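Open the model in your viewer and keep the selection tool ready. The tour goes stop by stop, with something to select at each one.

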Amino acid sequence: MEFHGRKTGHCYMDNESNPLQSPTRLSIRTHLDMYDRDPQFSPERPPSPRSSASALQLMLPPGSPETPWTLSPLQTPSPALLYHCIASLHRQDGNIHSIAISKGLVFTVSDSKRIRVWRQPECIERGCIKTSSGEIRAILAYGNKLFTAHRDCKIRIWNYTVSDSFGYKKISTLPKRSSFLLFPKTSSQQHKDCVSCMAYYHAEGLLYTGSYDRTVKAWRLVDNKCVDSFVVHESKVNAIVVNQDDGCVFTCSSDGSVKIWRRLYKENSHTLTMTLRFQQSPVNAMAISSTLSNCFLYSGSSDGTVNFWEKEKTSCRFNHGGFLQGHRFSVLCLVAIEKLIFSGSDDTTIRVWRREEGSCFHECLAVLDGHRGPVKCLAACLQMEKIVMGFLVYSASLDQTFKVWRVKVMPEEQTC
């Protein structure tokens, strides 16, 4: 097994590649063929292939023989994770920059200035939103609302409906256009550079936008006003997340730091509470995992590591708990859901990590190897089942492919 945490700061697995998945194909496909596994990563095989297949069949959920489940590439007698790629799509839309999930739909934006809408889980295309405001760099979905950040440094808000056919309507633009023609076209509330990331605080109805101009702006969606704008880093803002439990805002930047901001009580201004810095490498992505018992913050860096901090219950400070090391190149995207962390990297792989209950130890359950280019963005959602916990993971790469993975995690008590 591969463990990481406060007491172990390095990876015990030397090889990064996973030969279990087939090469990426430049066409839409819904089934993958099983390839021979590398003996170096495969569990020990019993003498009889027939008995091995029957034993594996007992562990796997029923499914089509054309979409076999792939064992986690770890030397363990009982694999903790099973996965397979259920769809791989390639379109001539350019690179996908962001993915969002809501109401059973998946939204993707790319160089084509269009928002593609897909139906879960098999990613059948439901519709398309055409825009004329330039390239879309970031997308965020919540409920029936869709937020898109465009190259003109403005944010568009859309309403959409899910029925027999997909319908949409643009309801607002941030900042709002002035009703006076004598005013300049560029609003003082507008970002001065590309909007790179967004986050939404549900309780207060606040939309946070981070930009390459080193600032974060808070937008009140009741009246679509910018209620606060503050400089957060010395370099461009790469990611922003909000803790829905207390409203704290986390930002990361190419200056190598992660900062925590708190909104002042009954005010719209924000104040800096902590600066988290463990290395000088640029921080490209963040994710937060919050439960009733603990709260963890994860950050992915250009040196290939994923650092994590644990929140103290008494002081609410975040203490560095360790780092997850396994990627060979930059970590470009992160998703945290339940006790799992998915990290996409410049080394074309996706690593699946699991945090041990009641501790800071993490183990790498699998390496999803199917893309031919850097994994630019990730999204994941939960699919509850009776015995195992299932997830749908959506990944987009600079090889212009969009993949859908179904991941099933065995209970910890059955894999120890």
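Is Y394 buried or exposed? Select Y394: the residue is buried, with a relative accessible area of 0%. Here buried means under 20% relative accessible area, exposed means over 50%, and partly exposed lies in between (1.4 Å probe, protein chains only).

**Before going on**

This is a predicted model, in which local features need pLDDT of at least 70 and side-chain atom pairs count only at pLDDT 80 or more, while totals for chains, interfaces and linings use all residues. Residues are numbered from 1 along each chain as its sequence is written, and side-chain values use heavy atoms, with hydrogens and water left out.

**The whole chain**

Show the chain as a cartoon. It has two helices and 30 strands. Both kinds of element are DSSP runs numbered from the N terminus: helices are H or I with at least four residues, strands are E with at least two. Of the 416 residues, 57% count as buried. Now think about contacts, meaning heavy atoms within 4.5 Å. Among those between residues at least 6 apart in sequence, 49% join residues at least 24 apart.

**Aromatic pairs**

How many aromatic pairs does the structure hold? There are 17. Rings of Phe, Tyr and Trp (its six-membered ring) pair if their centres lie within 6.5 Å; planes under 30 degrees apart count as stacked, over 60 as edge-to-face and the rest as tilted.

Select F250 and F318. Their ring centres are 5.5 Å apart and their planes stand at 85°, so this pair is edge-to-face. F250 belongs to strand 17 (residues 249-253) and F318 to strand 23 (residues 318-325), so the pair ties together parts that are 68 residues apart in sequence. Both F250 and F318 are buried.

The ring centres of Y394 and F402 lie 6.1 Å apart with planes at 20°, so the pair is stacked. F402 counts as buried, at 2% relative accessibility.

Next, select F107, W158, Y160, F166 and Y168. Ring pairs link these residues into a cluster.

One more ring: Y212. The charged end of K236 sits over the ring of Y212, 4.7 Å from its centre. The test for this is NZ of Lys or CZ of Arg within 6 Å of the ring centre and within 35 degrees of the ring normal.

**Salt bridges**

Side chains of opposite charge can pair when their charged atoms come close. A salt bridge here is a side-chain nitrogen of Lys or Arg within 4 Å of a carboxyl oxygen of Asp or Glu. How many salt bridges does a search of the whole structure find? It finds ten.

- Select E125 and R116. Their side chains meet in a salt bridge, N to O at 2.8 Å. E125 is partly exposed at 30%, whereas R116 is buried at 8%.
- Select D152 and R156. This salt bridge is 2.9 Å, N to O. D152 is partly exposed at 27%, and R156 is buried at 5%.
- Select R354 and E363. Their closest N and O atoms are 3.0 Å apart in a salt bridge. R354 is buried at 5%, and E363 is buried at 10%.

**Around S110**

Select S110, in strand 5 (residues 105-110). This serine is buried, with a relative accessible area of 4%. Its side chain reaches the backbone oxygen of D93 at 3.2 Å. It also makes a polar contact with the side chain of S112, at 3.1 Å. A polar contact is a pair of N or O atoms within 3.5 Å; within protein, one must be able to donate a hydrogen and the other to accept it, and residues adjacent in sequence count only if both atoms are side-chain atoms. Leaving aside neighbours within four places in sequence, S110 is in contact with residues including G94, H97 and E135.

Select residues 230-261. This span is 0% helix and 53% strand, with its end C-alpha atoms 10 Å apart. Then select residues 324-363. This one is 0% helix and 60% strand, and its end C-alpha atoms lie 9 Å apart.

Last stop: C364, in strand 27 (residues 362-369). C364 counts as buried at 1% relative accessibility. C364 and L324 are 40 residues apart in sequence and 8.6 Å apart in space, C-alpha to C-alpha.
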